[in-house]
There are 2 protein chains.
Amino acid sequence: MARQMRSVRTRARILQAAAEQFTRLGYEATSVDEICSAAGVSKGAFYHHFPSKQTLFLALLQNWVQDLESRLESIRQEVEWVPQRLMRLAETLREVFEQAAGQAPLFLEFWYQATKDSTAWSVSVQPYQRFRSIFAEWVEEGIQQGSLKPIDANLAAATLVSLGVGLVLQVALERKGLDWGQIPLRAVSLLLEGMSSSEFM
Amino acid sequence: MARQMRSVRTRARILQAAAEQFTRLGYEATSVDEICSAAGVSKGAFYHHFPSKQTLFLALLQNWVQDLESRLESIRQEVEWVPQRLMRLAETLREVFEQAAGQAPLFLEFWYQATKDSTAWSVSVQPYQRFRSIFAEWVEEGIQQGSLKPIDANLAAATLVSLGVGLVLQVALERKGLDWGQIPLRAVSLLLEGMSSSEFM
């Protein structure tokens, strides 16, 4: 049992160290040796958890996506009224953005690798399709409960995902300038004004 | 004069060939030799126009930005009513997206280089700040002419740019799926419903 916990902790330490190194140096320039030394683990321990640097990279991405999916699921369970749910989501995105601000190179690395490698592509692009169908369900639900206008759910979902992705990309790229902390929340509320049934806003 | 025209054509041929090679192979993997042979020009001619591969890469990006800026400027001159102007912009974006669909790696390359290199950063990130101030002016104009609600112009501009960037990124990454052709137009119109004075929609 203690051994299993140690193994979980080792894996987490490797992931954490890799995220930092990839962010700082880029994926190509980061070696397994550097990750091991930053994480304080042996190469044997590394390869026990991850057969390759790419597997590790994809695991980082999958963690990020799973984290976002479980946030979405708890928001869905907690907030029934869809416009309020989307506002709650925007608050959550704010945290995601605060993390993203320091991780510009890592996000771009995910997307960049996706254009070169079909495994990276399926791991980093399919989630958007998944997020789109989650949002489309939410929008359908909002239309049924009367909180949203009878809009095209797939279109509204694609718009939400594009806005989210665009916000992440811009926060990731911009080093200074706007106070991005306020923007997600207010951008979603701007979009919501067009989507909501006026009597329920 | 004939010589000058030949020089302009040579430069354009190099840019075109480079865009194709970068898209196909990525920036790092593309050599000046390959660009020269794809463009059918000598290395001497290449270096006459571009001191380095990076200069060429930044010229490609600058062309793209200038093209978008002059589209924005002619739309501004042609369409006075701001909601209509934004719809016209969305139609224009549709063309931009059709090009973008085949150039996924090149767009990602721009953004990726921007995280690593401050020259690439200033060339690829500053345009978003510029686009934001153009849109903020448009929104102010719309508020003054009574076509838009008295919303926060900087916020609305940041939302428009994020939506645009997110749409480009998603179109660039997705290989199939949604009919993206319709989406920009309808996404902007969804956003406009929230921004417009109801009496003028």
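Author: Residues are numbered from 1 along each chain as its sequence is written, while chains are lettered from A and ligands numbered from 1 in the order in which they are written. Because the model is predicted, local features need pLDDT of at least 70 and side-chain atom pairs count only at pLDDT 80 or more, whereas totals for chains, interfaces and linings use all residues.

Reader: What pLDDT does chain A average?

Author: The average for chain A is 83, and 89% of the residues score at least 70, where pLDDT is the predictor's confidence in each residue, from 0 to 100. The scores of the model as a whole are ipTM 0.79 and pTM 0.81. Where pLDDT is low, the predicted coordinates should not be read in detail.

Reader: How many helices and how many strands are there in chain A?

Author: Chain A has nine helices and zero strands, and its pattern along the sequence reads α-α-α-α-α-α-α-α-α. Helices (H or I, at least four residues) and strands (E, at least two) are DSSP runs, numbered from the N terminus.

Reader: Why is B:Ala172 called buried?

Author: A residue is buried if 20 or more other C-beta atoms lie within 10 Å of its own, exposed if 12 or fewer, and partly exposed in between, with C-beta atoms placed from the backbone. B:Ala172 has 22 other C-beta atoms within 10 Å, and therefore it is buried; its place is in helix α8 (residues 153-173) of chain B.

Reader: What makes A:Gln54 partly exposed?

Author: A:Gln54, in helix α4 (residues 53-78) of chain A, has 14 other C-beta atoms within 10 Å, so it is partly exposed. Across the 201 residues of chain A, 40% count as buried.

Reader: Which residues of the largest nonpolar core touch the most other members?

Author: They are A:Leu191 and B:Leu191, in a core of 112 residues, and α8(A) gives the most to this core, with 14 residues. Such a core is a set of buried Ala, Val, Leu, Ile, Met, Phe, Trp, Tyr and Cys residues joined through C-beta atoms within 7 Å. Leaving aside neighbours within four places in sequence, B:Leu191 is in contact with A:Leu190, A:Leu191, A:Gly194, B:Thr159 and B:Leu163, where contact is said of two residues if their C-beta atoms, placed from the backbone, lie within 7 Å.

Reader: How many residues does the contact take from chain A and from chain B?

Author: The contact takes 38 residues from chain A and 39 residues from chain B. On the side of chain A that touches chain B, α8(A) gives the most, with 13 residues, and the residues of that side divide into 24 nonpolar, ten polar and four charged. Here Ala, Val, Leu, Ile, Met, Phe, Trp, Tyr, Cys and Pro count as nonpolar, Asp, Glu, Lys and Arg as charged, and the others, Gly among them, as polar.

Reader: How do you know that the copies meet through the same surface?

Author: We know it because 100% of the interface residues of chain A are also interface residues in chain B.
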